[in-house]
Amino acid sequence: MLILNADGGCNPNPGPATFGVVAKVNGQVICRMKKRIGHATNNIAEWRGALAALDFALVQGRRYPSVELRMDSQLVVHQLTGRWRV
């Protein structure tokens, strides 16, 4: 299983924003990425992290039978699962 940990944020909000992603397989880190995205809100930074993680999974193709995205953003998690409107 491919496990993707993604996070994003800025300080102050809105302000200079960054996101990061760590990809692991069997507990081993296979990829780390981070990116400064300029002036944005925390929500935008969180979403950019989620999208970067999912893009990485797509590039991997069918190499991994399942993918798990882990995030601490209530907004992104609820929007991705359909609980909240996008």
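Start by selecting Leu 2, Leu 4, Ala 17, Val 21, Ala 23, Ile 37 and Phe 56, which touch the most other members of the 21-residue largest nonpolar core. Such a core is a set of buried Ala, Val, Leu, Ile, Met, Phe, Trp, Tyr and Cys residues joined through side-chain atoms within 4.5 Å; buried means under 20% relative accessible area, exposed over 50%, partly exposed in between (1.4 Å probe, protein chains only).

Now colour strand 1 (2-10), strand 2 (15-25), strand 3 (28-40) and helix 1 (42-60), each of which supplies at least two residues of this core. Helix 1 gives the largest share, 6 residues. Helices (H or I, at least four residues) and strands (E, at least two) are DSSP runs, numbered from the N terminus.

A note on what is on screen: this is a predicted model, where local features need pLDDT of at least 70 and side-chain atom pairs count only at pLDDT 80 or more, while totals for chains, interfaces and linings use all residues. Residues are numbered from 1 along each chain as its sequence is written, and side-chain values use heavy atoms, with hydrogens and water left out.

Next, follow the strands, which pair if DSSP finds at least two bridges between them. Strand 1 and strand 2 run antiparallel, joined by 9 bridges, and form a hairpin with 4 residues between them. Select Asn 5 and you will find Val 22 of strand 2 opposite.
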